[in-house]
Amino acid sequence: MRIGVITFPGSLDDRDAQRAVRLAGAEPVALWHGDHDLAGVDAIVLPGGFSYGDYLRAGAIASHAPIMAEVIDAANAGMPVLGICNGFQMLAEARLLPGAHTRNAHQQFIRRDQKLSVENADTAWTNQFETGAEIIIPLKNADGRFVADDETIRRIEGNGQVVFRYVDVNPNGSMNDIAGVSNERGNVVGLMPHPEHATEPGFGPDMTDAMRSGTDGLAFFTSAIAALTRA
Amino acid sequence: MHPVDDPWSFVTTSQSRSSTSLPDTVTNAAATPEKIQPYAALGLKQDEYLKIREILGRRPTSGELAMYSVMWSEHCSYKSSKNYLRQFGQKVSPKMKKNLMVGMGENAGVVDVGEGWAVTFKIESHNHPSFIEPFQGAATGVGGIVRDIISMGARPVAVMDALRFGHIDDPDTARIVHGVVSGISFYANCLGLPNIGGETYFDSVYQANPLVNALAVGVLRHEDLHLANARGVGNKVVLFGARTGGDGIGGASILASDSFSAGGPTKRPAVQVGDPFAEKVLIECCLELFKLGLVEGIQDLGAAGISCATSELASNGDGGMFIDLEQVLLRDPTLTAEEILMSESQERMMAIVTPEKLDDFLAVVAKWDVETSVLGEVTDTGRLIINWRGEEIVNVEPRTVAVDGPVYDRPVAYPTWIDALQADTTASLPRSADLRTDMLALLGSANLSDKSWITNQYDKYVLGNTALSFPDDGGMVRIDEESGLGFAVATDANGRYSQLDPYRGAQLALAEAFRNVAATGATPVAVSDCLNFGSPENPEVMWQFSKTVEALSDGCLELEIPVTGGNVSFYNQTGDQPIHPTPVIAVLGTIANVGRRIPSGWQDEGNNIYLLGI
Amino acid sequence: MPTILVEVMPKAEILDPQGKAVAGALSRLGKDRYTAVRIGKRFELTVDGPVDDAMLAEVRGIAEDILANTVIEDVVSITVTE
Amino acid sequence: MPTILVEVMPKAEILDPQGKAVAGALSRLGKDRYTAVRIGKRFELTVDGPVDDAMLAEVRGIAEDILANTVIEDVVSITVTE
Ligand SMILES: Nc1ncnc2c1ncn2[C@@H]1O[C@H](COP(=O)(O)OP(=O)(O)O)[C@@H](O)[C@H]1O
């Protein structure tokens, strides 16, 4: 199983996403934003970071990168695509996912170990969770406030496209506590928190039983492997 | 000719200036010895100016004057501290030298940490710019120290920040605190460098003079070590990264070596604006250049910009260099030659590249969308020659600019007030009968309060190797994912102790940082220090400084860990009132396997608690 | 050289936290006659050569596709100066 | 209700990383007739009651002290609409 991780100028968590893919048992493949080539990968991760400095709007400039043409085609053909944080912002800017992101309501960058509920365990990236499961995933962003018009919110809530919701604390003012969404088909998923930072004991978020021990993020990647194996 | 009453006429950005104005050439300088030059406004003393005339055998051109003035500033030349800092190189044992790959004097020291890995780290101040424009000042402080790390050939992997602000209730404190913290957060988060610790302290002595000290750590394989020198006649001198603009012109000499009251707003140079995205791309670009072996020598551009990079690279190499200044890519085409020489535009690097590798070099740089221009080459003339529009405007021996600047043995005086201060012990303080009130007062004090409102704005996860960070005593980072090899760093300072007794205060800070590293399970191996003091022209400050360096060099000898680099920041004062002497000490340690780290905080129920020490 | 000015504002129904923060700051300073503050962006594009209808059409496209995200923002004006 | 429009731009001599990034994006997309892009801010202050000279003077003060950071930005225009 080969999972591609695209590096854009300003990508930061690309090597972390590659590590997470490896820890989950797949082969990470480094892809470059400027190529028109997906190197035959089976799934794609758009990693976190500040592509193009997040100038203009987070993810906006990267969403026009050459490789995005191939990503859009592959996504529409059903390939699993995960956008993490900046990757989520790019997928929204590219209109592969609904909604948009604005500056956090409190105006500051925030980093915290965030509790999420899995609202839909039927997507390519969540099938190894139970619906309703609560997980802890590190969150770190400045422009993470999910917004959409009422019509869109109604639609995605009705379709089960809200995949993750913030629990206990809404860290950025996102509408309906939405932390992550999918497309209608469920192969494209985006979320603000960083599952790749909860894959290795000793370097993950604090859990109630031990500090830095959280590995709830692994199941994102094993879900993609399972989805591809089943397909 | 520049009228004396407007000494800034050649460094302002006035609209009337014509970009075709003739530069002051070497020939012209030789022919017009009587011309009056604005050396004083550029921070040079009369004897320093005369010394420059003596070195050159003529008056300097305005370009040369710009170069000497920034390079001979306190900030760049260490003219008041050099004589003391020597002790760090003198008081050393064989054990201290054993793992030292690069010692003091380079952009940052490098320590062998085993398994073919090396670590480089350094702490530096950006105090004065952070008072004027807290957000950009702090942001560009992070940017500058990170470029020092890259220029050693290392991948930057972590940052820390040691901050001191005025009284928490002063109305101006909020402006500075929030600006500084968000500047650090913005720049380091955007670079993808985890922040693994630091300090935050409030005291009214720092009211109009906050301290913003930023530390960066990098890791490299032994074979990737790079140094800042220009060797090999015919090798190309290449400037790459951001374009040169009018940022911080004169900043090196005016911003960093004078108190704020001097000058006033009309002469205040433009502040620097940081672009962390450009720096992130520059980091990846440099690392690829290093991996492919495409650079011979490299230097970052910080204070004093091109003046510093050209004269230092040439001094540390074969000595000769030719530069065509018109090749510098400009953001603002109206800049004069002098301004280009002094500009502190951020996110730039200068590399020495062999002609055979130039095409490969340019291909890598183009891949990263980084702008580049070849400025000139290494020569065997022993002179740094700079041309502008076909005319020679600089012709100097580079060492006279970069190395053999003035050195002062400033007067030192024991501060008479210190006896009274020491005699005023805690015995005279009122005792409250109520322990609860004391406890609450302590818990509610700004300096003991929780710092998570700061640290929650810093990314500690990025790169996936952070083994310890806030609220631990030291930060720890894994270097090698296979073996678990890692390093730990802690920074500490206590200006109040140093005010009471600079010798013991410095040693306490050193011991605390040492203990904080040891407490993580790592073995301390090296020290970097940022010495924040008042004016060196004040003999009492100089006494504090001399005691501090003596204490640190004695302490390091005792602990057997070398000082590998650091920074001196003088003129931290408001009016005549200096800050408390504030040496910020960073200790680096190594650990064979970060899996065996020791976090702070209670871990498991039922563990025993011991109090160690005296 | 002519400059094309593109102005973008957050859509009326989208909360503008930055604007809200500024409005709050003004009222804390006793300047309370401002009932709302909204913050948008102002782009100055310097153009090489004359601005003709084709170019204006191109700028309109750029404004809608890149300069603004029309999910949350409106392009409120495009003008040429100089 | 009347609206006061305050426009702020980065100072000409100061680096505008945002504008630089957008200019780069445009040229990568083959739109290369734009020699420079600079990005500033556009503030809309909604006012309760009529706008008189005193209020305009106040807004001028607010613009310089709060809306713009005059170390790195200039207030380029203040106008009243509606
Ligand atoms: N400005 C800062 N940047 C990064 N970390 C900080 C900063 N200030 C404090 N910290 C971190 O917060 C934690 C608590 O700091 P502090 O209250 O000073 O505790 P201590 O006295 O134990 O050092 C430490 O881990 C320290 O590294």
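Predicted model: local features only at pLDDT ≥ 70, side-chain atom pairs only at ≥ 80, totals over all residues.
**Helix α3 of chain A**

I started with the buried residues of α3(A), which are A:Asn86, A:Gly87, A:Phe88, A:Gln89, A:Met90, A:Leu91, A:Ala92 and A:Glu93. Buried here means under 20% relative accessible area, exposed over 50%, and partly exposed in between (1.4 Å probe, protein chains only). Residues are numbered from 1 along each chain as its sequence is written, chains are lettered from A and ligands numbered from 1 in the order in which they are written, and side-chain values use heavy atoms, with hydrogens and water left out.

The helix spans residues 86-93, and eight of its eight residues are buried. Helices (H or I, at least four residues) and strands (E, at least two) are DSSP runs, numbered from the N terminus. I looked up what the buried residues pack against and got a list of chain A strands, including β3 (43-46), β4 (81-84) and β10 (178-182). After the helix comes A:Arg95, with a positive phi near 65 degrees.

**Where chain A meets chain C**

A:Arg95 turned up again: its side chain makes a polar contact with the side chain of C:Asn69 at 3.3 Å. A polar contact is a pair of N or O atoms within 3.5 Å; within protein, one must be able to donate a hydrogen and the other to accept it, and residues adjacent in sequence count only if both atoms are side-chain atoms. C:Asn69 sits in the loop between α2 (53-67) and β3 (73-81) of chain C, and at 2% relative accessibility it is buried. Beyond its neighbours within four places in sequence, C:Asn69 is in contact (heavy atoms within 4.5 Å) with A:Arg57, A:Glu93, A:Arg95 and A:Ala100.

Next I checked A:Arg57, which forms a salt bridge with C:Glu73 (3.7 Å, N to O). The rule wants a side-chain nitrogen of Lys or Arg within 4 Å of a carboxyl oxygen of Asp or Glu. C:Glu73 lies in strand β3 of chain C and A:Arg57 in the loop between β3 and α2 (67-76) of chain A, so the pair joins two chains. Both count as buried, C:Glu73 at 10% and A:Arg57 at 8%.

**Chains C and D**

I then superposed chain C on chain D: a rotation of 180 degrees with 0.0 Å of shift along its axis does it, RMSD 0.2 Å. The two copies are thus related as by a two-fold rotation axis. Which residue of chain C comes closest to the rotation axis? C:Lys41, at 2.3 Å (C-alpha).

D:Phe43 is in strand β2 (residues 34-47) of chain D and is buried at 3%.

**Chains B and D**

Here 13 residues of chain B are in contact with nine residues of chain D. They bury about 1000 Å² between them, 63% of it on carbon and sulfur atoms. Buried area is the accessible area (1.4 Å probe) that two parts lose on being put together, summed over both. In chain B, B:Val273, B:Asp275 and B:Arg331 lose the most area to chain D, together 40% of what that side buries.

I found two salt bridges across this interface. One of the bridges I noted is D:Arg28 with B:Asp369, closest N and O atoms 3.7 Å apart.

Terms used
Least-squares fit on C-alpha atoms with pLDDT ≥ 70 in both.
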